[in-house]
Amino acid sequence: MTRSARIIAGIVAVVLVAAVAAAFAIVWRPAFATIDPPAPQTFDAALVKKGRDLAAIGNCNDCHTVRGAKNFAGGLPVPTPFGTIFSSNITPDAETGIGRWSEAAFQRAMRSGVNREGQHLYPTFPYDHFTNVSDEDDRALYAFLMTRQPVRAPARENQLSFPFNQRFAIAGWKLLFLRHDTYQPDPRQSAEWNRGAYLVEGLAHCGACHTPRNALGAERNSAQFAGGDVDNWHAYALNDQSHSPVPWTADALFAYLREGFHPDHGTARGPMAEVVSNLSSVPSSDVRAIAVYMAGVSGTPAADRKGQDEMALAQGKTAARDNAAGASIYAAACASCHENGRPLPYGGINLGRSTAISSPDPRNLANIVLSGVRAVEGERSPIMPGFAASMNDEQATALLNYLRARFSNQPAWTGVDKTVQDARRTQTVFLQTSPGPRNAPADPMQRDKP
Amino acid sequence: MMTLKVNGREHQVNAEADTPLLYVLREDIKLNAAKFGCGLGQCGACTVIVDGKAVLSCVTPMVLLEGKQVTTLEGLGTIAEPAPIQRAFMEEQAAQCGYCIAGMMMRAQALLQRNSKPTDEQIRAELEPHLCRCGTHMRILRAVHRAARLMDTADASSPASRSAR
């Protein structure tokens with residue numbers, strides 16, 4: 001080897017070692033020492049109560065609970081474009097939960113998506129938002145979770161393809177997309193607005209569903225709140241691109257988030273039903289703050305959106321009825337509730353005000369027509385019968401096209417037949433696994449028996 | 001005029017496309033087991049079976065029934081020869097006023113046809129769309145379990161109940 005070749009080889013070796021060291025620094029995280037699960041009475045009761053409200057705002061139970069199983073014991077399959085990820089057990093069980101996690105380990109998971117053992121967590125756990133949660137609130141959440149009933153429930157294996165099944169890849173994702181301290185109070189705004197911003201951008205992680213994601217599954221900051229996907233539902237745009245026929249106001253948002261419905265907007269259902277169910281139990285000042293902040297996000301509606309619902313309603317009266325099947329189904333199956341004048345939530349919304357029908361994505365309407373709104377067990381709640389058993393795909397498609405033509409001033413949807421087929425398949429899965437006010441169908445293993 | 005297949009028989013009925021099935025069953029064909037409760041698909045009293053699935057007949061327009069097979073409670077059994085589901089409800093005395101019971105039995109029948117041994121939880125979930133204000137819920141639960149056992153024994157399956165399958 002010549003001298004210059006030796007020098008080049010030396011430089012290459014140094015660069016390689018540096019690269020390996022840098023990669024190691026990015027990927028490797030130390031494990032936190034295990035602790036003996038602390039006794040529940042060692043936590044301050046007021047702190048636990050505060051953590052309870054925060055956990056409700058964070059909607060933790062929605063992902064970390066599977067239908068028919070114990071709260072926070074995990075196991076919910078979360079569909080993503082990269083495969084299925086199962087939520088983890090966050091009860092204080094020593095072996096299968098977080099019972100041996102110290103508070104520092106818990107806070108590191110919230111801040112930077114690393115578990116106690118030092119493994120990177122998939123960003124289905126929305127630590128890209130939780131990085132904004134204050135130390136004090138993390139402490140309260142830890143106190144709340146560590147005082148729950150421990151449940152033995154081993155984690156289920158994620159179903160991901162290569163390279164997404166390699167946890168070191170998450171370190172690269174974080175390098176690209178994880179921003180710390182993105183929330184800063186805005187001194188020009190009110191304390192209420194700032195409280196709302198802190199909750200929405202942090203623990204409540206509204207953008208996790210309502211902001212579209214890029215090819216690598218990160219929220220697109222340039223399109224914040226422009227509408228996204230969750231569990232085969234469309235999470236509506238909440239910014240100035242909202243398709244709600246009646247523009248949202250802070251008062252309407254407050255009522256909707258608190259009570260689960262609003263006369264101008266209808267009833268929360270699908271994944272949002274669980275969110276409002278949680279928000280109905282937290283201090284109203286926090287829900288008000290969220291509403292005030294989100295009203296700012298939706299901004300002042302464009303002039304052409306004002307009165308859009310009146311136009312849609314007027315159009316409804318004169319709509320050409322060239323879709324005879326859709327019109328007949330509407331008259332018998334829908335109008336009896338949606339035109340009977342009973343107030344929400346026990347009467348149906350005037351469909352001229354339905355965001356589902358004005359939305360560019362027909363999935364929510366297909367989901368709701370086929371599966372309905374199930375009653376919450378043991379309490380008063382809005383209900384709507386599902387029509388999956390009485391309509392075939394062609395008939396449901398005719399109805400959806402009719403509703404779109406009659407009750408929105410938007411162009412016709414394309415591919416509604418495909419949407420209906422998908423909705424029939426995916427909603428069966430959603431209803432089986434999702435927690436919340438829904439009923440699972442009979443065990444599908446038994447379906448084929450006489 | 002359209003043809004409606006009910007309990008194995010074809011009926012020629014003069015009904016509009018948007019007429020609810022319940023009205024045709026009760027007024028045209030004079031089958032009165034399915035009841036008018038709320039007319040909104042919210043109480044379950046009008047439930048019948050269409051092609052093996054429980055359907056709320058008050059919100060099911062005739063246009064959806066072309067070529068389909070409707071089964072009402074009358075199609076399951078008779079007074080002389082009650083079907084297992086009917087026997088079970090009688091033996092458990094699961095009716096008080098009875099207005100909701102025909103609908104309950106039809107949805108329970110549809111459940112048992114696809115799941116011969118449902119759990120308590122599955123029965124509760126399945127019958128959730130049905131309201132009963134007399135409060136016989138616990139007896140109804142027992143009756144569905146009893147019907148499952150009756151259907152399991154060959155002698156209890158009446159010819160009428162088999163025809164609904």
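In this predicted model, the domain assignment of chain A gives three parts: domain 1, which takes in residues 40–155 + 165–177, domain 2, which covers 191–303, and domain 3, which covers 320–441. Taken over C-alpha atoms, the centres of domain 1 of chain A and domain 3 of chain A are separated by 34 Å.

Two helices of chain A can be looked at as a pair. Helix α8 (residues 191–201) of chain A packs against helix α12 (residues 284–298) of chain A with the axes 7 Å apart and at an angle of about 90°. Angles of 65 to 115 degrees count as roughly perpendicular, and α8(A) and α12(A) are therefore roughly perpendicular to each other. On the side of α8(A), the residues that meet α12(A) include A:Trp193, A:Leu199 and A:Val200, while those of α12(A) that meet α8(A) include A:Ile290, A:Val292 and A:Met294. Sorted by class, the contact of α8(A) with α12(A) consists of nine nonpolar, two polar and four charged residues.

Chain A also holds an open sheet of three strands, which follow the order β1-β2-β3 with antiparallel pairing. The edges of this sheet are β1 (77–80) and β3 (159–160) of chain A, each of which has a single partner strand, so one side of each is left without a neighbour in the sheet. Strand β1(A) is joined to strand β2 (residues 83–86) of chain A by four bridges, and within this pairing A:Pro77 stands opposite A:Phe86, whereas A:Thr80 stands opposite A:Gly83.

| Hairpin | Residues between the strands |
|---|---|
| β1(A) and β2(A) | two residues |
| β3(B) and β4(B) | two residues |

In chain B, strand β3 (residues 47–50) and strand β4 (residues 53–56) pair in the antiparallel sense over four bridges, and the bridge partner of B:Val50 in β4(B) is B:Lys53. In the turn of this hairpin, B:Asp51 has a positive phi of about 50°.

The division of chain B gives domain 1 (2–74) and domain 2 (84–158), and their centres, taken over C-alpha atoms, are separated by 21 Å. The contact between them takes 14 residues from domain 1 of chain B and 13 residues from domain 2 of chain B. On the side of domain 1 of chain B that touches domain 2 of chain B, the elements that give two or more residues are β3 and β4 of chain B, and the largest share, three residues, comes from β3(B). By class, this side of domain 1 of chain B has nine nonpolar, three polar and two charged residues.

Helix α2 (residues 84–91) of chain B contains B:Pro84. A residue counts as buried if 20 or more other C-beta atoms lie within 10 Å of its own, so B:Pro84, with 23 C-beta neighbours inside 10 Å, is buried. B:Pro84 and B:Thr119 are 35 residues apart in sequence, and 18 Å separate their C-alpha atoms in space.

Finally, the two chains meet where 25 residues of chain A are in contact with 29 residues of chain B. Helix α14 (residues 324–338) of chain A gives the most to the side of chain A that touches chain B, with nine residues. The residues on that side of chain A divide into 15 nonpolar, six polar and four charged.

Definitions and conventions:
Residues are numbered from 1 along each chain as its sequence is written. Chains are lettered from A and ligands numbered from 1 in the order in which they are written. This is a predicted model: local features need pLDDT of at least 70, side-chain atom pairs count only at pLDDT 80 or more; totals for chains, interfaces and linings use all residues. Two residues are in contact if their C-beta atoms, placed from the backbone, lie within 7 Å. Ala, Val, Leu, Ile, Met, Phe, Trp, Tyr, Cys and Pro count as nonpolar, Asp, Glu, Lys and Arg as charged, and the others, Gly among them, as polar. Domain bounds come from an automatic or database domain assignment. Axes are lines fitted to C-alpha atoms, for helices over the stretch in contact, and angles run from 0 to 180 degrees between N-to-C directions. Angles under 35 degrees count as roughly parallel, over 145 as roughly antiparallel, 65 to 115 as roughly perpendicular and the rest as oblique. Two strands pair if DSSP finds at least two bridges between them. A residue is buried if 20 or more other C-beta atoms lie within 10 Å of its own, exposed if 12 or fewer, and partly exposed in between; C-beta atoms are placed from the backbone.
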